[in-house]
Amino acid sequence: MTSRITVPIFRDAKARGEKLAVLTAYDFPSAQLLDASGVDAILVGDSAGTTVMGRANTLGVTMDEMVHHTRCVSAAASRALVIADMPFLSYQVSPQEAVRNAGRLVAEGGAQAVKLEGPPEIFGETIRAILNASIPVMGHLGLTPQSIHAMGGYKVQGRDAASRKKILQAAKGLDRIGCFGIVLECVPEDLAAEVTAAVSCPIIGIGAGAACDGQVLVMYDILGWGFTKFTKTFADVKGAMAGAFKDYVGEVKAGTFPGKEQTFQ
Ligand code: KIV
């Protein structure tokens, strides 16, 4: 059996010059396949709100929902690092609430680390409090979906000089505080390259180009449900599932399923 990827192993991949592959998952069977695939980490993203709960955005995802999905994924993962997203309002109110909620994702959900969105000038104290509780923290900068209303929608970030400077400074700040990695979402590739070179922790890009230390994508986006520029369909699982469901309905209607092989005599 391959040994478990821990937070220090994940963090030190940058110094070893190894690229990190991360995917999201929300349930047991998908997490089993991801774990066996060799991904370095499984992110239980609050993208669960849009991908598996059918909501318009991630803002309504609750702590109880995140604990539930994290528990399903943790039950399947024996090798990959499990990182759980802290949902909207679980860490913005106070550092104390943030520590309690991060603790729930670890103690009840079985996660090894948590991820939260935003810069150190706003969340530095909160991140320190979570780290002081011995819970590793991954940062998230660039396009931060929990701030879509403030950002005016899902838009590429870091296009102008001021915004580039802010993202670069924020990444350096999160690195200094002790985040073991930072997700950098939807920024121009030259900015991602600059940030990646400027910090010691791994930068995990999503829509941020190839210079990052690793990549993360939403699992469904690589299986045929994706539509953004930065994703790629690695297999048309959506098409295969749609075909299987249609075939099943057709066979039941035609009376050809179940056959002799599926029937007790
Ligand atoms: O919620 C999520 O899935 C994420 C990734 C897309 C980075 O934060």
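Okay, let's start with the aromatics: by the ring-pairing rule, the count here comes to five aromatic pairs. One of them is worth a look. The ring centres of Y26 and Y220 are 6.2 Å apart and the planes sit at 0°, so we call that pair stacked. The cut-off behind that word is planes under 30 degrees apart. And where do Y26 and Y220 lie? Y26 is in the loop between β1 (20-24) and α2 (28-37), while Y220 is in the loop between β8 (214-217) and α10 (237-254), so the pair ties together parts that are 194 residues apart in sequence. Keep in mind, please, that this is a predicted model.

Now, on to the ligand.

S47 has a side-chain N or O atom 2.5 Å from an oxygen atom of the ligand. For K115, a side-chain N or O atom is 2.9 Å from a ligand oxygen. Then there's D46, with a polar side-chain atom 3.0 Å from an oxygen atom of the ligand. How much of the ligand does the protein bury? On its own the ligand exposes 260 Å², and the protein buries 95% of that.

Last bit: the backbone. As a reminder, most residues other than glycine have a negative phi, and most peptide bonds are trans. With that in mind, have a look at two spots. First up is S134, which isn't a glycine but has a positive phi, near 65°. You'll find S134 in the loop between α6 (120-132) and β5 (137-142). The other spot is the bond between F257 and P258, which is a cis peptide with omega at about 0°.

Okay, that's me done. Over to you for questions.

Methods. Residues numbered from 1 in each chain as written. Predicted model: local features only at pLDDT ≥ 70, side-chain atom pairs only at ≥ 80, totals over all residues. Heavy atoms only, no water. Polar contact = N/O pair within 3.5 Å; in protein donor to acceptor, adjacent residues only side chain to side chain. Areas by Shrake-Rupley, 256 points an atom, 1.4 Å probe, with all protein chains shown as cover. Phe/Tyr/Trp six-rings, centres within 6.5 Å; stacked < 30°, edge-to-face > 60°. Helix = DSSP H or I, 4+ residues; strand = E, 2+ residues; numbered from the N terminus.
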